[in-house]
Amino acid sequence: MSRKISLNHLTRIEGHAHLVIDKKAGKIESCRLEVVESPRFFEALLKGRHFSDIAPIVARVCGVCSISHTMASLMATENALGIEPDPRAKALRRLLSQGEILQSHLLQLYFMAAPDYLGIPSIFQLLNQRSDLFSRALRLKRTANRICELIGGRAVHPVTTAIGGFTALPEVSELKQLRQDLVDALPDLEATVELFAGFEFPEFLRPTEQVCLAQPGQYPLHAERVISSCGIDQTVAEFKTSIDEYIVPHSTAKMARTERGHYCVGPLARVKNSFARLSPMALKVAAALQLNAETQNPFHGLKARLVEVIHFVEEAIHAIDNLLLHSYVSARTTAMPKGGGQGVAAVEAPRGLLFHAYSYDSKGLLETADCIIPTAQNLASIEADIESLLPDLLDLPDEQLKQRVETLIRSYDPCLSCSTHQLQVAIK
Amino acid sequence: MKTRIGFFDFTGCEGCQLTVMNLENDLLQVLQLVEVVEFRELMSEEVSQIDIAFIEGSITRQQDHARLKTIRDRTKTLVALGACADNGGVNLLASHQDVAVLRQQVYASDAVHLLTEKPLPLHEVVKVDYRIPGCPIDGREFLAVLQALLLDREPDLPNFAVCVECKLAEYPCSFDYGEICLGPVTRAGCQAICIAGGDRCRGCRGLVDNPRTSPYHRVLEEHGLSVQDILEQYRTFNIGEEL
């Protein structure tokens, strides 16, 4: 008996994809994650633009990760043009990135992933029966949004971020209030941990290389080196040149591999490779969720996301304390480049490693742009996971099989707007 | 029965839908008044009839035309959500270039699944009843439009320039920093959020209906800028208006 199982326009993920499984005589013939998001050719939109316009335009690659794209873009431009941002600006940028990871993770945990484990098609089903849970999700999300609004000027597509630093800074009173909001979020976070600790995660192991940034003394966010569970320790520029991007016939997103094959980026990679750098509270939560650095279960991506939420809330509180110890001066940046040049930068976006690389001419106009997206780096792993998971599911009815595979895909929190809008290679 | 609303997206960044989700407490109140029946990013459910559809993104492929028309057929009121749906937005930044050449540059392939056409705003494909401009949209404006539709009123957009909101908030003028600002001709409704953040207005909400060009020319002259300088800036979000 042969059957074809198709899941069109997968739901509760960012962007558009279909999943197609061909089954024949009880065996899987093929399994494809078809990314059908339309290509946007962002690199061509940037050519010839002034360096000060690049970050606001690339932010539009993705609404969910607009801050990560802005950060990677600003840092790549600064590296290219020889501009060193103020240390306080670096601290604020880190806080802003934490805000985005919290926004994205909380949205994914409550609105996209939790329904799988609660056995409902969407969280809107809970509006009447579990309004406490729904309101808690929105309260937590509001606190995360507040970080981005206060530091970035807007929750989606930041407006205060600029080459060299920021064009506007929060008032001391606003930072104090934000600190209070973060402290007030702790009981809601506790309830969240309790909720997720009660979920039953499928047992499934598939070892793969886990890659993330490494930052001396800190949990990685904006850094110069890349490390992996298989022993890589390289500069961002070195690692980037070892990535081979390739296209497959069924996807408008490129896939990425190194010479060792496919690899994974994202919360699980960060938690595994930087376990010792997690905050005390995050380590306790990891223990409560039975998550450790040895895990090889991709479904644990969800647990890793929650552990990071706790870590970044705790870190943000300390970061605000540090910021409050410094007094602010005029915010408007006046950084001017010394000439053209090339630069590459990487940040940890909510879904993992994100690279931007640019070259500028002597007038500060963009010549080439290249950008490698977290989800593009994960797509091959997602397919490999599905292939390895399917044999155990073949006896299930189609609906249950689909549900299980969708849950796995959502564990990666794929962002397909990003992965098809990627910038690529030189345009000459 | 509650009004049934749906959210859909085509080629874009989903930042406008995200802005709706970010309405937080207001969202809870909205959900008392309406029933969200489709929202692929957050829901697995699908229905047959929709009262109000909010649609984000541009149309870039033949299969998207068909999908949009199907949504139109089962929807009473269709609202373009954000710049990409409204006028093409940043998707059109490369519209002066041949799509086939772009495809070669980015993918080095002409495979069938990579074929796209020039991005179109929704109104080039189906009838659009109302629009919410901006990149991204302003959440309060979304609420105002939804409120009007629920009350059977015509939603209307502010018909004055961002400059008005900026002056009322007493922000320093971007021109005084030597920057080119599109505030004098761009439609208000964003509370001049970019100028509040120390940036300038990049015109993401499109032109006000009857922009007063002569005072603007004077401002430009005073600051040594030309109409060409302005047009360069204006094109970032509004190429669709010229085409």
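Two strands count as paired if DSSP finds at least two bridges between them. The exercises below apply this definition to a predicted model.

**Exercise 1.** Determine the order of the strands in the open sheet formed by 3 strands of chain A, and state which strands stand at the edges.

*Solution.* Step 1. The strands follow the order β12-β13-β14 in chain A, and their pairing is antiparallel. Step 2. Strands β12 (341-349) and β14 (366-372) of chain A each have a single partner strand, so they stand at the edges, and one side of each lacks a neighbour in the sheet. Step 3. From one strand to the next, the twist averages 15°.

**Exercise 2.** Describe how β13 and β14 of chain A pair, and identify the bridge partner of A:Ala357.

*Solution.* Step 1. In general, strands of a sheet pair through backbone hydrogen bonds. Step 2. Strand β13 (residues 352-360) of chain A pairs with β14(A) in the antiparallel sense, over 6 bridges. Step 3. The bridge partner of A:Ala357 is A:Asp370, which belongs to β14(A).

**Exercise 3.** Name the strands across which helix α13 of chain A lies, and give its angle to β13(A).

*Solution.* Step 1. Helix α13 (residues 374-393) lies across β12, β13 and β14 of chain A. Step 2. The helix runs at about 130° to β13(A).

**Exercise 4.** Decide whether the radius of gyration of chain A agrees with that of a compact globule.

*Solution.* Step 1. For 428 residues, a compact globule would have a radius of gyration near 22 Å. Step 2. Chain A has 21 Å, which agrees. Step 3. As for burial, 55% of the 428 residues of chain A count as buried.

How values were computed. Residues numbered from 1 in each chain as written. Chains lettered and ligands numbered in written order. Predicted model: local features only at pLDDT ≥ 70, side-chain atom pairs only at ≥ 80, totals over all residues. Helix = DSSP H or I, 4+ residues; strand = E, 2+ residues; numbered from the N terminus. Axes fitted to C-alpha atoms, helices over the stretch in contact; angles between N-to-C directions. Contact = placed C-beta atoms within 7 Å. Rg over C-alpha atoms; globule rule 2.2 N^0.38 Å. Buried ≥ 20, exposed ≤ 12 C-beta atoms within 10 Å, placed from the backbone.
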